[in-house]
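Let's take a friendly walk through this model together. Keep the sequence and the 3D view open as you read.

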Amino acid sequence: MAVSLISNTSFKISLSRDAIIADYRLAYRSRVASLIGRREVMSGKAKFGIFGDGKELPQLAMAHVFQPGDWRSGYYRDQTLAFATGISSIQEFFAQLYAHADVAADPASAGRMMDAHFGTRSLNEDGTWRDLTSQPNSASDVSPTASQMPRAVGLAYASKLYRRLDEQQQFSKFSKGGREIVFATIGNASAAEGLFWESINAIGVLRVPAIVTVYDDGYGISVTNESQIAKENISELLEGFRRPPGECCDGFDIYVVKGWDYPALIDAYHKAADVARIEQMPSIVHVSELTQPLGHSTSGSQERYKSKERLEWEAEYDCIKKFREWIISEGIASADELNRAEEEDRRTIEVIRQRAWEDYLNPILIDRQELIALFENLIRKTSHSEELSALKAKIQVIQAPLRRDLSAAAHQALFLTRQETGPARQALAGWHAKLQYASHDRYNTSLYLEGAGSAVSVPEIKPTYSQNSPVLMGFEVLNAAFDAALQREPRLIAFGEDLGRLGDVNQGFRGLQDKYGPLRVSDTGIREASILGQAIGMALRGLRPIAEIQYLDYVLYALQITSDDLATLLWRTKGGQRAPVIIRTRGHRLEGVWHSGSLMAGIIHLVRGLHILTPRDMTRAAGFYNTLLRAEEPALLIEVLNGYRIKETLPDNIGEFTIPLGVPEVLRPGEDITLVTYGACCRIALEAAEALDRAGIDVEVIDVQTLLPFDIHHNILESLKKTGRIVFVDEDVPGGTTAYMLQEVLEKQGGYSWLDSPPCTITGQPHRPAYGSDGDYWSKPNTEQIFDSVYAMMHEVNPLKYPGI
Ligand SMILES: Cc1ncc(C[n+]2csc(CCOP(=O)(O)OP(=O)(O)O)c2C)c(N)n1
Ligand SMILES: [Mg+2]
């Protein structure tokens with residue numbers, strides 16, 4: 001029997017009775033998973049639970065049009081969509097709830113993220129790409145509300161590029177002619193975030209195949225739409241984005257559908273998907289009248305903030321209840337049939353849950369058994385047998401032990417027996433070390449790539465010069481490098497404000513849009529967060545974006561997405577997804593508060609997971625771009641703003657030479673003091689070193705070149721061993737990046753033991769740079785200040801030779 005679900009005469013959908021009942025059963029199973037999941041948290045078996053109850057129906061409707069190759073960029077309510085599409089299984093959902101730290105059990109995050117944070121694996125274990133066109137894809141979820149939106153821009157934009165760029169057709173693992181749709185989901189309250197509006201606008205401007213669903217349950221935790229959304233109605237606000245009917249012009253198709261109305265939901269998603277797949281145009285689906293039967297999460301109870309009337313309404317309009325009523329009233333199934341199915345499904349979910357729990361717990365129980373056996377051996381030998389027996393008893397009685405319980409007990413035992421030796425203690429120490437090693441692998445790996453694709457392992461190719469090598473302006477050197485890169489790497493796509501037609505504000509891309517076309521080199525709106533998101537989404541789909549943020553000061557707008565999404569991606573998926581985004585920016589040397597700031601400490605500490613490159617000139621910038629494009633990792637590169645018009649010699653191998661990451665360069669050898677700096681400060685430091693030379697002080701100036709990674713071979717230590725004195729210089733705030741460099745050299749490299757004088761940091765003022773040349777001089781470290789600090793250090797050492805000034 002086929003059931004017709006029709007909303008108008010031009011568009012007919014019919015589903016078989018079995019398909020409808022299958023939908024009902026999946027909705028029901030998903031609800032049971034939520035109920036049981038909550039119970040597991042309440043009973044202490046899991047730490048936190050957030051579930052998709054009350055939002056099952058729109059997700060089933062979405063799943064009807066979700067095809068292999070498509071992408072989801074959503075949030076924690078999407079379990080039903082995940083189950084229906086194969087993005088997650090119910091057992092994987094429980095494994096994640098229990099924090100099962102194993103990729104095989106929780107492919108989304110290997111136990112690193114809380115429950116309902118979905119994500120498919122795009123990469124094989126060896127780091128090679130899977131065929132993304134034959135699997136359902138989900139970008140790895142993040143918790144900050146609306147942060148799933150910026151990358152949805154790029155995920156959808158990739159479909160457009162794959163359809164329109166001939167050179168992309170060879171990359172068949174990523175797209176089948178750009179037919180892939182991106183399904184973005186977001187809550188009503190999160191639609192109050194700027195990221196939502198910025199991303200909607202970007203999707204509209206780029207005209208890309210995204211279907212954005214807003215699940216409207218009237219609340220964002222306890223706060224109602226009255227305080228979230230003007231007019232309390234998101235689709236009314238979005239009206240201005242609507243595409244006029246019957247015309248193929250700009251904008252979105254907008255659907256407003258009740259979350260319990262199955263035929264209407266099926267109808268809306270079919271229409272939206274057709275438009276997205278064929279026309280590549282976006283839609284917004286505002287799903288209203290949704291509920292939260294279990295409340296927001298396990299952290300609180302909704303009875304505290306929802307009225308009795310509201311709770312009664314939610315019970316009445318529960319989407320599964322309404323779906324059930326509809327199925328019975330349409331004669332698709334009887335109440336008895338559904339009751340029987342429900343009973344079976346409840347049992348099934350319990351079985352799945354139990355399996356997930358045992359799979360999680362058993363390896364830990366085995367670890368405990370091993371530990372107890374080791375304890376028993378040691379108890380027979382040690383003079384601390386009583387304390388060890390008590391420790392053993394303590395871990396033996398824990399019903400569901402954690403590995404940290406075992407680690408702490410072993411640690412305590414090793415401390416107690418610290419004055420003893422023998423094989424029994426040695427075996428325990430070995431076991432403890434093995435646990436630390438395994439735990440490091442469970443929780444601390446994959447921040448960066450190791451081996452294949454790692455930027456650090458790209459071999460160095462030195463620049464070559466000949467008599468004919470031309471001397472050009474800095475920007476022309478970059479321009480030649482970008483030209484060669486676009487030629488060499490068909491997946492390279494560059495974009496940013498003024499990057500397309502103008503070729504960027506300093507002309508690094510001059511003429512390249514004309515040469516490579518408006519899709520390879522393009523302009524964007526002023527929307528830094530979604531420029532970044534655009535890059536992340538594209539990179540997730542195999543493209544190689546260079547995303548330009550016009551000035552370093554405006555990286556702040558994109559910093560949250562860089563930090564929360566890009567920087568954590570490889571780590572939070574334990575190597576399951578990567579996005580080798582190159583963020584290009586320029587800074588440190590223009591004018592005034594917001595064009596010459598140095599926010600470096602904020603950045604380096606917030607984006608671990610990226611490489612941070614600070615080339616002092618454009619040749620070095622070009623070499624770093626070449627290195628990054630041969631690797632598969634994300635990075636931020638900051639060009640020195642006043643370097644574009646300084647003359648440099650163009651390497652003959654501009655398209656090939658690479659500069660290694662994490663390798664400082666000695667710019668001026670010296671014997672008395674080591675001066676460590678980077679980027680724009682190199683020039684000032686060299687000037688100061690020349691002046692100090694005239695005063696009889698021989699300064700070794702070192703350019704660290706990259707802040708992340710930092711001096712991986714400990715070359716700076718070698719310089720310090722020679723000079724015994726060290727100064728760190730930059731234009732960040734006091735205690736900022738100079739303090740970071742100081743820690744790297746003195747603590748990590750062990751430099752403290754080579755110091756003959758106290759270390760010194762020379763920085764900018766704690767405020768932003770003031771306007772004008774004098775404002776700049778007294779806001780940032782200047783040549784005279786560096787001279788004075790270094791001179792004072794030598795005066796302290798030898799006042800006779802270096803009398804006070
Ligand atoms: C940027 C940010 N602010 C606050 C939170 C805490 N928070 C988590 S969910 C949530 C409410 C979201 O409501 P809504 O978007 O309507 O989604 P719903 O949970 O109702 O489905 C809040 C405030 C967060 N995760 N991220
Ligand atoms: Mg809500």
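This is a predicted model: local features need pLDDT of at least 70, side-chain atom pairs count only at pLDDT 80 or more; totals for chains, interfaces and linings use all residues.

**Around the ligands**

Residues are numbered from 1 along each chain as its sequence is written, chains are lettered from A and ligands numbered from 1 in the order in which they are written, and side-chain values use heavy atoms, with hydrogens and water left out.

Now look at the polar contacts, meaning pairs of N or O atoms within 3.5 Å. R77 places a polar side-chain atom 2.7 Å from an oxygen atom of ligand 1, and a polar backbone atom of Y219 is 2.8 Å from an oxygen atom of the ligand. In the side chain of H296, an N or O atom is 3.5 Å from an oxygen atom of ligand 1. Taken alone, ligand 1 exposes 580 Å², and the protein buries 72% of that (accessible areas by the Shrake-Rupley method with a 1.4 Å probe).

Y219 also takes part in the magnesium site: the ion, ligand 2, is coordinated by N188 (OD1), D217 (OD) and Y219 (O), at 2.0 to 2.1 Å. Donors are N, O and S atoms within 2.8 Å of the metal (3.2 Å for Na, K and Ca), and water is not among the atoms, so sites may look incomplete. Along the sequence, the donor residues follow the spacing N-x28-D-x1-Y. Because N188 lies in the loop between β5 (182–187) and α6 (194–206), while Y219 sits in strand β7 (residues 219–220), the pair ties together parts that are 31 residues apart in sequence. Helices (H or I, at least four residues) and strands (E, at least two) are DSSP runs, numbered from the N terminus.

**Two open sheets**

Further along, 7 strands form an open sheet with mixed pairing, in the order β13-β12-β14-β15-β17-β16-β22. Its edge strands, β13 (521–523) and β22 (706–708), each pair on one side only; two strands pair if DSSP finds at least two bridges between them. Strand β12 (residues 492–496) runs parallel to β13, with 3 bridges, and G496 has D523 as its bridge partner in β13.

The loop between β12 and α17 (512–516) holds D504, whose phi is positive, near 80°, although D504 is not a glycine. Most residues other than glycine have a negative phi, and most peptide bonds are trans. A cis peptide bond links L708 to P709, and P709 lies in the loop between β22 and α24 (715–723).

Another open sheet, of 5 strands, has mixed pairing in the order β19-β21-β20-β23-β24. β19 (665–668) and β24 (760–762) stand at its edges with a single partner strand each, so one side of each has no neighbour in the sheet. Strands β20 (residues 673–677) and β23 (residues 726–729) run parallel and are joined by 3 bridges, with L675 partnered by V727 in β23.

Conventions. A polar contact is a pair of N or O atoms within 3.5 Å; within protein, one must be able to donate a hydrogen and the other to accept it, and residues adjacent in sequence count only if both atoms are side-chain atoms.
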